[in-house]
Amino acid sequence: MSNLKTLKRQHHDLSDSTVQIGILEDDQHLYHLVPFQQKLEENNLFPLKTTGVEIFQVNVGKMCNQVCKHCHVDAGPDRKEIMTRDTMQHCLHALMQNPTLRTVDLTGGAPEMNPDFRWFVEEIKKLKRNVIVRCNLTIILANKKYNDLPQFFAQHGVEVVSSLPFYTRDRTDRQRGDGVFEDSIKALQMLNSVGYAKEGSGLVLNLVYNPAGAFLPPPQDVLEREFKHALNKDFGIHFNNLFAITNLPISRYLDYLLQSGNYEKYMEKLVVAFNPVAASNVMCRNTISIGWDGFLYDCDFNQMLELKVNTAQKHISHFNIHQLSNRTVIIGQHCYGCTAGAGSSCGGAIA
Ligand code: SF4
Ligand code: SF4
């Protein structure tokens, strides 16, 4: 059993864009696995540079109706961090000024719990951008004020991306809480009933799978076939694509790894499975992630680690597409989660 208690960010040196993560709380020794930077150097990928910015991912707040075991946001009903309309106005201004930002990906927490969520979606759609909402499904049934979300999404042509850890009750509820599976199934049926995943509707419904324990996801295409078959057979549910995502060793999932004594084994699995093709296509290379308070990050994970972008301007109120399109990504040991096996991103496997 490992004596690891808590991992802490040891230092954050912006001058050479390296971040070491992994000193033990009891200060015994540095985490011994190959630094992520070294892996990138060995594959001529360091420094990791962006290729442009196309995806504008906005975290509109950490409040959520669920408290999932593996949440990297540490979201829940008691979180108070919520994006204000003023910050959303800055986001809209950045979008207006930069037509190359084609896709706006709204995440949280449960993004729908932000009181300005619907207004924000409507304003983004006026700018003719694709909108993705990361909907946890159960929010649709959490309160009657959310019951019409499927109609709202359909009316605005929003792409819905929803986590469903598995197509059975026990595995889903174990990870996301009692009753989550049943409500998720009802919500999926509601989305199907307004046209989601129906051929010719143009309404896209994608599901997200992430492993329940300290292992990597199975091949995405195999899993997608399994999910499609089971959900259709048991509940008449249809969806478009399944994204298989690797859990990154941060936040609640890191706590789980440490408490269960699986941390070192899991990190070893990630390092052994390092895939240079995945590494050259990690999502931070064409994404900018905006935090609830308007600060800018390379991705949602760096956001949770409070590692702001390595550019002079770090806030949405000073959005500079040129700087952001030519930036060096801040990396750390957690990045191994994006580069293992088939790779992992908000859109699933990448290699
Ligand atoms: S994983 Fe998603 S649904 Fe679960 S607590 Fe985190 S933000 Fe909420
Ligand atoms: S965690 Fe993944 S997306 Fe974020 S900076 Fe690291 S490699 Fe890029």
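I sorted the lining of the second largest cavity by residue class and got 13 nonpolar, three polar and no charged residues. The model is a predicted one.

**Second largest cavity.** I looked up its volume next and found about 110 Å³. I listed the lining: 16 residues, with Val282, Cys284, Cys299, Cys335 and Cys338 nearest the centre of this cavity.

**Ligand 2.** Where does ligand 2 sit? I placed ligand 2 in the second largest cavity. I wrote down the residues around ligand 2: Leu248, Val282, Met283, Cys284, Cys299, Phe301, Asn302, Val329, Ile330, His334, Cys335 and Cys338. By class, I noted ten nonpolar and two polar residues in this shell, and no charged ones. Val282, Cys284, Cys299, Cys335 and Cys338 are in my list for the ligand 2 shell, and I had already noted them nearest the centre of the cavity.

**Whole-structure search.** How many cavities of 30 Å³ or more does a search of the whole structure find? I recorded two.

**Largest cavity.** I took its volume as about 690 Å³. I counted 33 lining residues, and those nearest the centre are Cys71, His72, Val73, Ser163 and Arg176. Sorting the lining of the largest cavity gave me 14 nonpolar, 15 polar and four charged residues.

I then went through the elements. Four of them supply at least two lining residues each: strand S6 (159-163), helix H6 (169-176), helix H9 (251-259) and helix H12 (300-304). Which of them gives the most to the lining of the largest cavity? I found that S6 does, with three residues.

**Arg252.** I located Arg252 in helix H9. Is Arg252 buried or exposed? I call Arg252 buried because its relative accessible area is 14%, and the cut-off for buried is under 20%. I looked up its contacts, leaving out residues up to four places away in sequence. Arg252 touches Val67, Cys68, Lys69, His70, Cys71, Asp74, Ala75 and Gly76. One of these, Cys71, I had noted among the residues nearest the centre of the largest cavity. Last, I checked Arg252 against Trp119, 133 residues apart along the chain. Their C-alpha atoms are separated by 31 Å.

Notes:
Residues are numbered from 1 along each chain as its sequence is written. Chains are lettered from A and ligands numbered from 1 in the order in which they are written. This is a predicted model: local features need pLDDT of at least 70, side-chain atom pairs count only at pLDDT 80 or more; totals for chains, interfaces and linings use all residues. Side-chain values use heavy atoms; hydrogens and water are left out. On a 1 Å grid over the protein atoms alone, a cavity is a set of points where a 1.4 Å probe fits but cannot get out, and a pocket is an open set with protein on both sides within 12 Å along at least five of seven lines; lining residues have an atom within 4 Å of a point. Grid points are joined across faces, edges and corners, and a volume is the space filled by probe spheres set on the points. Helices (H or I, at least four residues) and strands (E, at least two) are DSSP runs, numbered from the N terminus. Ala, Val, Leu, Ile, Met, Phe, Trp, Tyr, Cys and Pro count as nonpolar, Asp, Glu, Lys and Arg as charged, and the others, Gly among them, as polar. A residue is near a molecule or strand if one of its heavy atoms lies within 4 Å of it. A molecule sits in a cavity or pocket if more than half of its atoms lie within 2 Å of its grid points. Buried means under 20% relative accessible area, exposed over 50%, partly exposed in between (1.4 Å probe, protein chains only). Contact means heavy atoms within 4.5 Å.
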